[in-house]
Amino acid sequence: MYQKDHITIRSELKLLNQVQNWFELFCSQNLYQCGWSEAQVDHLSLALAEGFTNAVRHAHHDLPPETTIDIEVSLWASRLEIRIWDRGKPFNPDMISEPKPGTLQAGGYGWFLLRRLSDRVAYECVDSDVRENSEPRRNCLLILKYLSPPEQEDK
């Protein structure tokens, strides 16, 4: 089984509701019939919201609101992938320190939250010279969630 959808949306926080409605429709048409629980879908929705707001607030903060963000969802039998493409300056997620329990810090909670809500989070910058359609450089945030936890290999 494989389903895919995408949305292109302007860099405006007020459009988060539109993104969430689009994702909710995709989930109601595809995920629940495949055995995904409401809790799993809620986690994915929260991860999507965090990824979108990070793209608007951080990656696109110096860009005009007309600058678009592309979001893709791809569903296989055992996993869902969300890709959020932005056109901002890339960042290195390894430079974000994880919040320590009982302390406050400025920033880093979004990345921490994304890692807790998904099975895998990856971020990369894709240059135009390696892309088929030669669009300018874009950054991709990948959020991956398995229907069931990946099986542990015996050691």
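This is a predicted model: local features need pLDDT of at least 70, side-chain atom pairs count only at pLDDT 80 or more; totals for chains, interfaces and linings use all residues.
I started with Gln 33: a polar atom of its side chain lies 3.0 Å from the backbone oxygen of Gln 29. I also found that this side chain reaches the backbone oxygen of Ser 28 at 3.4 Å. I looked up what a polar contact is: a pair of N or O atoms within 3.5 Å, where within protein one must be able to donate a hydrogen and the other to accept it, and residues adjacent in sequence count only if both atoms are side-chain atoms.

Residues are numbered from 1 along each chain as its sequence is written, and side-chain values use heavy atoms, with hydrogens and water left out.

Where does Gln 33 sit? I found it in the loop between helix H1 (16-30) and H2. Helices (H or I, at least four residues) and strands (E, at least two) are DSSP runs, numbered from the N terminus. Gln 33 is exposed, at a relative accessible area of 54%. The cut-offs I noted: buried is under 20% relative accessible area, exposed is over 50%, and partly exposed is in between (1.4 Å probe, protein chains only).

Next I went to His 60, in the loop between H2 and strand S2 (68-76). Is His 60 buried or exposed? His 60 counts as buried, at 2% relative accessibility. Its side chain makes a polar contact of 2.4 Å with the side chain of Ser 11. A polar atom of the His 60 side chain also lies 2.8 Å from the backbone nitrogen of Arg 87. Leaving aside neighbours within four places in sequence, I listed contacts (heavy atoms within 4.5 Å) of His 60, including Ala 55, Thr 67 and Asp 86.

Then I checked helix H3 (residues 109-117), where Gly 110, Trp 111, Leu 114 and Leu 117 are buried. Seen down the axis of H3, its buried residues fall within an arc of 130 degrees, so they line one face of the helix. That arc is taken from the directions from the helix axis to the C-beta atoms. The buried residues of H3 pack against helix H2 (38-59), strand S4 (120-126) and strand S5 (138-146).

Last stop was S5, which is mostly covered, with 8 of its 9 residues buried. Strand S3 (residues 79-86) runs antiparallel to S5, joined by 8 bridges, and Arg 79 stands opposite Tyr 146. S4 and S5 are also antiparallel, with 7 bridges, and Cys 125 has Asn 139 as its bridge partner in S5. Two strands pair if DSSP finds at least two bridges between them.
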